[in-house]
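Colleague: Please put the model up, and we will go through it by question and answer.

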Amino acid sequence: MNKMNAVITAIESFEGITIVSFESASQPMRMMALELDETLQVGSKVLLGAKASNIALAKGALEMLSISNCLDTVVDSVENGVLLSSVKLRFGESLLISVITRDSSKRINLQPGDHVTALIKASELSVLEIKR
Amino acid sequence: MININIQKQLQGSSGAMELNVDLHIKEHSFVALAGQSGSGKTTLLRILAGLEKAAGVIDVSGVLWQDEKKSVVPQKRNIGFVFQDYALFANMSVEQNLLYVNKDRELAKHLLMLTELSELKDRLPNTLSGGQKQRVSLCRALMNRPKLLLMDEPLSALDPGMRTKLQHDILMLHKEFGTTTIMVSHDPSEIYRLADRVIMLEQGRVIQEGTSKEVLLHTRGSQKFSLTGELLDIIKADVIYIAVVAIGQQIVEVVLDEAEASSFKIGQRVQVNTKAFAPSLSH
């Protein structure tokens, strides 16, 4: 599980569904959730999580994407396997891992040092811990 | 209000322990007592029934059942008790089992009608199915219109279909008779359907109390789908890792990244977590 420190900037709730906005490494993030721990409020520090297989990558300009989390990252390393690639990304102080198909990695020609956008759907982002 | 504040030294499975609870139960509520075996659930039920001695106070809506000085005998506590193994009188008919508690023929007829047992009233218990026996036992427990209905895993000996039917009967009778019901149970579906409150015991103490969702829904942060299992294996596959986890009677697989794979040991207790948005249901 990839881990990112974040601070809550907004919470919206309706009928047991919650959308939480965060700031992490000076970038905005958003999560879709059911009812949340009551102690969470604007200003709370949390540890966010996202599975490596739930992080997609894009290079170049992005237009009109429904994905809530489009994080600016830099490729640290690319490990190409037979069918899959494991890509390490620098995001602020965190190192994220994205697992994509090797074909995709080759198609967008991922190289260390590349600026790429890490894409995470709001429903695939979780709060792992509340920092006290 | 039913106030229970009792203490008793017990020989638990892992040595001596003290049963020490301070509970306040609202009248007419349905409470489930949950927790691992040996946590003191059945003992607590037997103390409430007056079948076992303990120190402390039991106050049922202003009537003292026990304090430092006295202990009211079981027959005078106005309780109904349903045991897991039915405990019916084998030599008495269904109807006689009910009338043994109280000679009110009208009430017996009404109870047997509600639980669809009217046609079986002259049968002996050993000619009945498990579900029918437990319905008789439930009716018998209500013959003296108890203030407190105590049930010790009443459905655990029954097959799943019969459980659902009995759950319905239990809830109907609980409402019809306005009893306060305390049921020992391990079964989350039973607890979720029947109980308004769940009390979780561990080593003789209350470790959690709340609605069934508050107590039984295990979460990890905002991840609402959380199951506990044993990590059986981590297999490297290409540039990822596959963890094999035993959960209950089943085995599941979870994909891990390199950093995750190196942070777990085979044999460890682990939680399998995901968001409520990820799984899908099929039948």
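Colleague: Is A:Val116 buried or exposed?

Modeller: This is a predicted model, in which local features need pLDDT of at least 70 and side-chain atom pairs pLDDT 80 or more, while totals for chains, interfaces and linings use all residues. Residues are numbered from 1 along each chain as written, with chains lettered from A and ligands numbered from 1 in the order written. A residue is buried with 20 or more other C-beta atoms (placed from the backbone) within 10 Å of its own, exposed with 12 or fewer, and partly exposed in between. A:Val116 has 21 C-beta neighbours inside 10 Å, so A:Val116 is buried.

Colleague: Which residues is A:Val116 in contact with, leaving aside its neighbours within four places in sequence?

Modeller: A:Val116 is found in strand E9 (residues 115-120) of chain A; strands (E, at least two residues) and helices (H or I, at least four) are DSSP runs numbered from the N terminus. Contact means C-beta atoms, placed from the backbone, within 7 Å. The contacts are A:Leu57, A:Ala58, A:Lys59, A:Thr73, A:Val75 and A:Leu89.

Colleague: What is the strand order in the open sheet of five strands in chain A?

Modeller: Strands pair if DSSP finds at least two bridges between them. The pairing in this sheet is antiparallel, and the order is E3-E2-E1-E4-E10. Each edge strand pairs on one side only, and these are strand E3 (27-33) and strand E10 (126-131) of chain A.

Colleague: What is the bridge partner of A:Val46 in E10(A)?

Modeller: Strand E4 (residues 45-50) of chain A pairs with E10(A) in the antiparallel sense over five bridges. The partner of A:Val46 in E10(A) is A:Ile130.

Colleague: Why are the buried residues of helix H2 of chain B on the same side of H2(B)?

Modeller: In helix H2 (residues 94-101) of chain B, the buried residues are B:Val94, B:Glu95, B:Asn97 and B:Leu98. They lie on the same side because the arc they cover around the axis, taken from the directions from the helix axis to the C-beta atoms, is only 160 degrees.

Colleague: Are H2(B) and H4(B) roughly parallel or roughly antiparallel?

Modeller: The axes, lines fitted to C-alpha atoms over the stretch in contact, with angles from 0 to 180 degrees between N-to-C directions, come within 8 Å and cross at roughly 25 degrees. Angles under 35 degrees count as roughly parallel, over 145 as roughly antiparallel, 65 to 115 as roughly perpendicular and the rest as oblique. H2(B) and H4(B) are therefore roughly parallel.

Definitions and conventions: Contact = placed C-beta atoms within 7 Å.
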